Amino acid sequence: MTDSTLTTTTAPAERPAPPPRTDSKLKTYARLGKLDVYDYYLGTFIALSAVLLPAGTLTGRTAVLFGVFLVGQIFLLMAMTAFDDVTGFRDGSDITNYGPDHPLRNVQRKPLVAGTLTVSEALRFAWASAVLAALLFGVTAFLAPHRPAWTAIGLVVLWVVTLQYSYGVKLSYHGFQEIYLVALGFALVILPYGMVTGRATGFLLVQAVLFGFGPLMFGVYSNTNDVDGDRSVGRPTVAALVSERGNARFIGALSLGEFLTIATASAVGIAPWWFVLLMLPASLLRLRQYLLGFRSGDIMRARRTGFAVHRLGVVLMIAGNLLAATG
């Protein structure tokens, strides 16, 4: 029986009021857009470092291009995460993953679950961010000194597919989550570089793949922690589809694959011979991440370590680009 069918002699039941907001609306929207997770935005700086030397290579116009692309991708990824929160709230997976049985997850990071935003507010924010991203990508293309067809197509595909991650066709609900995370990171490195130089070097392609591994390698640990909620709504992450041992082997294979990508690139000359040595601190920290997660059983600490690996890897790749340019 719904409230509208109750007789006048029965007081209608009221939904409990949401908790009072203790933060500003702006801060709440920043949480919805996950602005504190800046790791996706760092790919622009890898591409920038690849054209920084020799001196004079970077012009005022191309510097503005990098800046506009960076802001555009921030708006696009805020749209993606907002849509993801709407879907996770509607299907109940976020309520499961951020409920009282998971005290290590900060519910304030999910404003819909915390009751500090409504679904309508979240959707308006997501669509506004998506529109701004499209406009800024258009400005980026206009500023580009080179316009190979693959960059123009890449910008359109990046915008369209990112919005479909967990909304619309819901790619992440059809088994594409892990592939998508690598592809997203790859695109965020290679597209601005291609628009500035008109080409893509083998060394930068390797770095773009490695950058994509960053979000993947903290994403798979998040999926390991969220396995119950994902299974309950049929979201087919690898962690939800296989056994605990199978998931551990999968993540171990990814960790090894990342190192072999670096080592092979150095061995065959795609990257400088010293690149594998330069990246060794990040590779060792990746090993520690795996041991924390699957030897010590501390998945959330392993997830946090994944952010450290990614950030360290970005710093080392930037250093590698500068060294390669001066060598």
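Mentor: Start with L260, which lies in helix α12. Keep in mind that this is a predicted model.

Trainee: Is L260 buried, exposed or partly exposed?

Mentor: L260 counts as partly exposed, because its relative accessibility is 42% and that class runs between 20% and 50%.

Trainee: Which residues make the nonpolar surface patch?

Mentor: L256, F259, L260, L280 and L284 make the patch, about 430 Å² in area. Two elements give two or more residues to it: α12 (244-268) and α14 (280-294).

Trainee: And which element has the largest share of the patch?

Mentor: That is α12, with three residues.

Trainee: Switching to the inside. Which residues touch the most other members of the largest nonpolar core?

Mentor: Y40, L158, L184 and F275 do, in a core of 79 residues. The element that gives the most to this core is α3, with 13 residues.

Trainee: What is L158 in contact with, leaving aside its neighbours within four places in sequence?

Mentor: L76, F137, L184, A187, L188 and L191.

Trainee: Now α1. Which of its residues are buried?

Mentor: Helix α1 spans residues 25-32, and its buried residues are T28, Y29 and L32. They sit on the same side of α1, because they cover an arc of only 95° around the axis.

Trainee: What do the buried residues of α1 pack against?

Mentor: Three helices: α3 (60-91), α5 (111-114) and α6 (119-143).

Trainee: What about the backbone just after α1?

Mentor: Look at K34 there. K34 takes a positive phi of about 55°.

Terms used: Residues numbered from 1 in each chain as written. Predicted model: local features only at pLDDT ≥ 70, side-chain atom pairs only at ≥ 80, totals over all residues. Heavy atoms only, no water. Buried < 20%, exposed > 50% of the residue type's maximum accessible area, 1.4 Å probe, protein only. Helix = DSSP H or I, 4+ residues; strand = E, 2+ residues; numbered from the N terminus. Arc of directions from axis to C-beta. Contact = heavy atoms within 4.5 Å. Core = buried A, V, L, I, M, F, W, Y, C linked by side-chain atoms within 4.5 Å. Patch = residues over 30% accessible without salt bridge, like charges linked within 9 Å, V, L, I, M, F, W, Y side chains within 5 Å. Areas by Shrake-Rupley, 256 points an atom, 1.4 Å probe, with all protein chains shown as cover. Salt bridge = Lys/Arg side-chain N within 4 Å of Asp/Glu carboxyl O.
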